[in-house]
Each structure stands twice: as structure tokens, then as C-alpha cells.
Amino acid sequence: MDFKGKFFKINTIRSLNHVKYFLNTQYACIDVVYCIFEMMKPAEAYILEQPEPYRSILLHLQVLIESSFQNLELQYKWKIPVYYSHGKPLCYLNASHKKGFVDVGFWAKGILQDFDAFLVSEGRTVVKSLRYSSVEEIDEKILLQVIQEVTKHHHKGFWKK
């Protein structure tokens, strides 16, 4: 398709090549960013649409998780990003603007006692979470160990020990 000398409305941009063209021409504008969101998965768009510092925290978590666990799939469920392993939810990422942190929540009743010093349950009986208010607070070792422990027991379902 020849784009030279043509200006396309945002809703006509449907491929990465279209976006590359617009970014490399005089027609590039901020609207292209919104076009990119349309082509992304909803979970990725959720992360990129967050204000700082939530966006940086979520992106850092996403890179850590996906580079360490290749078998996980990021989906959008319950209006938040959720990592799935073999078709079952493993953990979720939730930016809580009112409370000022990002929650990495695990359905892990009875299997994460070794990490109780780092996890928050706040009266929840099944869900435990790691909370971060800045990228600097993320303890990569603990995060990856918790995910590893949850994946070991994941086949049993989140409600069982």
C-alpha cells in the first residue's frame, strides 16, 4: 500500500507498518499513540494508561515476570491484568490509586507461609499480595520466589493447600 502524500485517520491505522509510516513522516502526531493502544492487548493498554509511578512499577513487574517465567500468559480479567498458567489464574496486577500502591495478588491460601513477612492479606482469606509504592521497593528475589512457590502448587487450585 502506498502511503506517500496521504493522511489517514486514526481508525484506518491497523498494522504496525502503518504506525511506523506515521512515526517517520510529517503526519506523526500524539494521536498515533492512541492508535497503538487500539492494537494492543487490553492488559498491556491498562499498564501503559496508568499515571506515574504506577506505570513504571507495572512495567518493571511485567518485565521481571515475563523474563523469568516464559509459560505465563498475560490476560485482562476483572478489569486488571492477570497472569495465567496453563489456563488458570496465577496472579494479578492492580494499581490502587486511592491507596497509592500496586498490588501483585496471589490466590495462595496455605502455601506462602514462608513469605508472610512480605505479604499482605488484610482480612482476605484466600488472596495474599506484595505491595509496591515505587520501583525501588520491588525486591526482585522475593517476588520471583513467591511466583515460583505459587507455580509449584498451582495445579492443585488456589483454594487447597
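Leaving aside neighbours within four places in sequence, Gln62 is in contact with Glu44, Ile47, Leu74 and Tyr83. This set of contacts belongs to a predicted model, in which Gln62 is found in helix α4. The relative accessible area of Gln62 is 12%, and because burial is assigned under 20%, this residue is classed as buried.

Two packed helices are described by the angle between their axes and the distance between the axes. For α3, which spans residues 42-49, and α4, which spans residues 54-68, the axes come within 7 Å and cross at roughly 140°. The two helices are therefore oblique to each other, given that only angles over 145 degrees would count as roughly antiparallel. Classified by residue type, the contact of α3 with α4 comprises five nonpolar residues, one polar residue and two charged residues.

Strand β2, covering residues 80-85, pairs with strand β3, covering residues 88-96, in the antiparallel sense over four bridges. Within this pairing, the bridge partner of Ser85 is Lys88 in β3. The two strands form a hairpin with two residues between them, and His86 in the turn has a positive phi of about 55°. Strand β3 also pairs with strand β4, which covers residues 101-107, again in the antiparallel sense but over six bridges. Here Asn94 stands opposite Asp103 in β4. A hairpin is likewise formed by β3 and β4, with four residues between the strands, and the turn contains Gly100, for which phi is positive at about 80°.

At the level of the whole chain, five helices and five strands are present, and their order along the sequence follows the pattern α-α-α-α-β-β-β-β-β-α. Of the 161 residues in the chain, 40% are buried. Among contacts between residues at least 6 apart in sequence, 46% join residues at least 24 apart. The accessible surface of the chain amounts to about 9,600 Å², and carbon and sulfur atoms account for 54% of this area.

How values were computed:
Residues are numbered from 1 along each chain as its sequence is written. This is a predicted model: local features need pLDDT of at least 70, side-chain atom pairs count only at pLDDT 80 or more; totals for chains, interfaces and linings use all residues. Side-chain values use heavy atoms; hydrogens and water are left out. Two strands pair if DSSP finds at least two bridges between them. Axes are lines fitted to C-alpha atoms, for helices over the stretch in contact, and angles run from 0 to 180 degrees between N-to-C directions. Angles under 35 degrees count as roughly parallel, over 145 as roughly antiparallel, 65 to 115 as roughly perpendicular and the rest as oblique. Ala, Val, Leu, Ile, Met, Phe, Trp, Tyr, Cys and Pro count as nonpolar, Asp, Glu, Lys and Arg as charged, and the others, Gly among them, as polar. Buried means under 20% relative accessible area, exposed over 50%, partly exposed in between (1.4 Å probe, protein chains only). Contact means heavy atoms within 4.5 Å. Accessible areas come from the Shrake-Rupley method with a 1.4 Å probe; for residues, only the protein chains shown count as cover.
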